[in-house]
Amino acid sequence: MESKFYLTWEDYKQKFPELEKRPEEAVAPKLQACEDAMFNFIVGLLM
Amino acid sequence: MNLEALTKAVGELDEEQVLAALKEFVAAGPTEEEAQQVVAACQAGMAIVGDLFEQGEYFVGDLIFAGELLTNAIEILKPVLGGTSSAKIGKIVLGTVAGDLHDIGKNIFKSMAEAAGFEVIDLGIDTPAAAFVEKVREIKPEIVGMSGVLTLALEAMKDTVDALKAAGLRDSVKVIIGGNPVTKEACEQIGADAFTTNAAEGVKICQRWVS
Amino acid sequence: MTDARARAEERTQLFRDLLKGKTPKRVPYSTAPAMEYVIQYAGYDLEKTLWTLKDLDKIYDKFCAEFLSDTNPVGTYRLPTFYQILGSKAFVMGSGGFMQHPEVVGLLPEEYDEFIASPYDCILNTILPRLYTALDAEPSQKALVLAKAYRAYLDDFGVIAAVRNKMHEKYGYAMLAAGFTIAPFDFIADFPRSFSGISIDIRRRPEKVLEACEAVTPLLVKKGKLPPSVEYGYIMIPLHMAPYMREKDFEKFYWPTFKKLVEELSANGHNCYLFIEQDWMRYLDYLNDLPENTIMRFEFGDPKLVKEKVGKKHIVSGLYPITLLQTGTKEQCVDKAKELMDILAPGGKYWFNYDKSVLTIDKEGRIADNLKAVTEYVYENGKY
């Protein structure tokens, strides 16, 4: 999705280079879940 | 000005053609009488739209566009229409009933009723029974129109009719109800004179009442 | 296994079969009342309860004890608190305490290009601040408003989920996950452009409407998707605008991106559940073209035609008019249930449900009596 408001794991790593040292399999899904929850809330405001 | 072509273009909802024709007409500096004829031709076009709606050629979205088209047309004609307005065939007090905030159906009915020559007093949405009563007492319309989309609107319609009765005004008006939940049974229970889920049909019923 | 567990298992099996196109043991049944009705039925103040959600478990317990349903009756879409924090114009409470959606415009005609370039950015930058007035603020304020609203949203739906679970533990309902999304054209119409706005746009700027529908489709697919771990569930899609359009406009503007949405969600392994508002009889052939076992709950229509045109390939539901519960006698209500079951149940692929939810309670209690009679009829006569 083309948006500056929705961050993927790649976007996070670019923004916070120190994330490279963190366990991706633990951190990435966690961050993704928050991104998706907010996405669903926002889009849901127009439903 | 080819009035027949104008009527046809309005009926076909050909906005470009209608607006171009009207602009040309206004630019030529017509008399007020000529302008009234053009308004009548536009109204005749709206009647075609209503007929096509009843025949299932047009749908609600097309009626909305027709209302928009007519508003724009009258806007263009305003400078040449002068102050006189054509005679009204009757008055309708209209509103979405208490508890219901939907107004699309009401607005379509309003624009079609106005196009048919009615003066419409629109009380807006979520209209308490007392507001209907007050307005009916004040302006003495021939018709009261109540609209609603939610099933709870049926109760509110009944309350409104009861309030008109209590105020001794029920017999002086015809009551028509419209909207998704209205049925013949609901109409009887509410004590309305007519019901419709079809704005064009609703306008026809009103026309019969005042003719 | 407790009784409730056994019941839940039996009911879940009905839906496992139904969703895969197998004929279940009996006709699955969902009850009609929405939360608003249930609150009033328990004798609570509607508006106050929608704000506080106080005693919601007691409120539902009364209802669940009296009214059978195979699906969990606890649920709602609209609660006032987070809409209030956001200063919503899109959803407001009417004088009776019911949440409603007045006609609003979040996107101006000249802003289509902005939307098409990035729907999500445009939603956040342009549309939301217009429809949710508390978001029309300086950045820190905006961030806080959103945080408070999201907190209220999680709190309230947390209560709903807890009550839902409690009723499930006690009464044993079918376990089904549910997603929610909207058809692309409806999405553009409902909040960004409004019913009137879109009806005008399809004539004045048809290309923009088409591009906007295309641009927003991936977001709506994402919104609707259930996690792959969900084995049985459906994605609810209420359909709105099509009955108000001419077929040639429907075919051009509505259908292509809607079909794409349903196809992508179905390919992900879950059934779409179309809540088909108003009269779609003109469009049955289109509907039949959707992926197999799409659930189609109709508000209006001819049941025979529905069964014939879409009932072989898809799961049919709805069509029972709740106004009859309000105005009919017990006998008329049961006759209607019989009529629908006789036409729609044979061969399976049928889920008994009403045309829409019952929101308001009647003073006489007729709805409750009629509802019980219909429920009893369906349970007694729905065995395959």
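## Starting point: Ala4(C)

Let's begin with one residue: Ala4(C) sits in helix H1 of chain C, which covers residues 3–19. Helices here are DSSP runs of H or I with at least four residues, strands are runs of E with at least two, and both are numbered from the N terminus. This is a predicted model, in which local features need pLDDT of at least 70 and side-chain atom pairs count only at pLDDT 80 or more, while totals for chains, interfaces and linings use all residues. Residues are numbered from 1 along each chain as its sequence is written, chains are lettered from A and ligands numbered from 1 in the order in which they are written, and side-chain values use heavy atoms, with hydrogens and water left out.

Is Ala4(C) buried or exposed? Ala4(C) counts as buried because its relative accessibility is 8%; buried means under 20% relative accessible area, exposed means over 50%, and partly exposed lies in between (1.4 Å probe, protein chains only). Setting aside neighbours within four places in sequence, Ala4(C) is in contact with His168(C), Glu169(C), Lys170(C), Tyr171(C) and Gly172(C), where contact means heavy atoms within 4.5 Å. Ala4(C) and Val230(C) are 226 residues apart in sequence, and their C-alpha atoms are 22 Å apart in space.

## Where chain C meets chain A

How many residues of chain C are in contact with chain A? There are 28 of them, and they touch 18 residues of chain A. The two chains bury about 2200 Å² between them, with 77% of that on carbon and sulfur atoms. Buried area is the accessible area (1.4 Å probe) that two parts lose on being put together, summed over both. Three residues, Tyr120(C), Tyr150(C) and Lys222(C), supply 31% of the area that chain C buries against chain A, more than any other three residues.

H7(C) gives the most, with 8 residues. By class, this side of chain C has 21 nonpolar, 3 polar and 4 charged residues. Here Ala, Val, Leu, Ile, Met, Phe, Trp, Tyr, Cys and Pro count as nonpolar, Asp, Glu, Lys and Arg as charged, and the others, Gly among them, as polar.

## Where chain C meets chain B

Now for the other partner. This contact takes 33 residues from chain C and 30 residues from chain B. Chain C and chain B bury about 2500 Å² between them, 58% of it on carbon and sulfur atoms. Within chain C, Gln100(C), Arg203(C) and Arg204(C) lose the most area to chain B, together 23% of what that side buries.

Across this interface there are 5 salt bridges and 9 residue pairs in polar contact, both at pLDDT 80 or more. Glu155(B) and Lys363(C) have side chains that meet in a salt bridge at 3.5 Å, N to O. On the side of chain C that touches chain B, the elements giving two or more residues are H9 and helix H14 (322–327). H9(C) provides the largest share, 6 residues. The residues of this side divide into 11 nonpolar, 12 polar and 10 charged.

## A closer look at Glu299(C)

Glu299(C) lies in the loop between strand S6 (295–298) and helix H13 (303–310) of chain C. Glu299(C) counts as buried, because its relative accessibility is 6%. Its side chain joins that of Asn180(B) in a polar contact of 3.4 Å. Not counting residues up to four places away in sequence, Glu299(C) touches several others, including Ile276(C), Leu319(C) and Asp355(C).

Note on methods. Polar contact = N/O pair within 3.5 Å; in protein donor to acceptor, adjacent residues only side chain to side chain. Salt bridge = Lys/Arg side-chain N within 4 Å of Asp/Glu carboxyl O.
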